[in-house]
Amino acid sequence: MLRPSSIFLNLFLNKWTPTSPNTQSLPNAGQWIGYIERILILTFVLVGSFEGVGFLLAAKSVFRFGELSKAKEIRTTEYVLIGTFASFTIAILTGIAITRLF
């Protein structure tokens, strides 16, 4: 769930990855944020708490709003949105698949 999803997301987002790296970011922070959000989403889906998924998406949106509203390029905002929605989709579909199989 964690590393395979990260590899898939990296391949999926590769064509949209911003060319100038963000030097203000912590090393591997995005990767770990993705891991944690997918674990939380999968957990929420498996326990049947889709409200938790909505809360997590809302919380992430609130934290990112200031950063993204100040972005000089719309590309950064779009890149983050695509990555977030793709990550959420993978975790939700995995959780639904697991609940249907078992």
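Which residues in H1 meet which residues in H4?

## Where H1 meets H4

This is a predicted model. On the H1 side of the contact sit Ser5, Phe8, Leu9, Phe12 and Leu13, and on the H4 side they meet Tyr79, Ile82, Gly83, Ala86, Ser87 and Ile90. Sorted by class, that contact has eight nonpolar residues, three polar ones and no charged ones.

As for the geometry, helix H1 covers residues 3-13 and helix H4 covers residues 74-101, and the two pack at an angle of about 145° with their axes 11 Å apart. The crossing of H1 past H4 is right-handed.

## The one salt bridge

Now for the charged side of things. Side chains of opposite charge can pair when their charged atoms come close. The salt bridge count here is one. Glutamate 37 and lysine 60 make the pair, and their closest N and O atoms are 2.7 Å apart. They link distant parts of the chain: glutamate 37 belongs to helix H2 (residues 29-46) and lysine 60 to helix H3 (residues 50-69), 23 residues apart.

Are the two partners buried or exposed? Both glutamate 37 and lysine 60 are buried. Glutamate 37 has a relative accessible area of 6%, so it falls under the 20% cut-off for buried.

## What else touches glutamate 37

Beyond its neighbours within four places in sequence, glutamate 37 is in contact with Leu56, Lys60, Thr84, Ser87 and Phe88. With serine 87, the side chain of glutamate 37 makes a polar contact of 2.8 Å. Ser87 is also among the H4 residues that H1 meets.

Note on methods: Residues are numbered from 1 along each chain as its sequence is written. This is a predicted model: local features need pLDDT of at least 70, side-chain atom pairs count only at pLDDT 80 or more; totals for chains, interfaces and linings use all residues. Side-chain values use heavy atoms; hydrogens and water are left out. A salt bridge is a side-chain nitrogen of Lys or Arg within 4 Å of a carboxyl oxygen of Asp or Glu. Helices (H or I, at least four residues) and strands (E, at least two) are DSSP runs, numbered from the N terminus. Buried means under 20% relative accessible area, exposed over 50%, partly exposed in between (1.4 Å probe, protein chains only). A polar contact is a pair of N or O atoms within 3.5 Å; within protein, one must be able to donate a hydrogen and the other to accept it, and residues adjacent in sequence count only if both atoms are side-chain atoms. Contact means heavy atoms within 4.5 Å. Axes are lines fitted to C-alpha atoms, for helices over the stretch in contact, and angles run from 0 to 180 degrees between N-to-C directions. A crossing is left-handed if the near helix is turned anticlockwise from the far one by less than a right angle, and right-handed if clockwise. Ala, Val, Leu, Ile, Met, Phe, Trp, Tyr, Cys and Pro count as nonpolar, Asp, Glu, Lys and Arg as charged, and the others, Gly among them, as polar.
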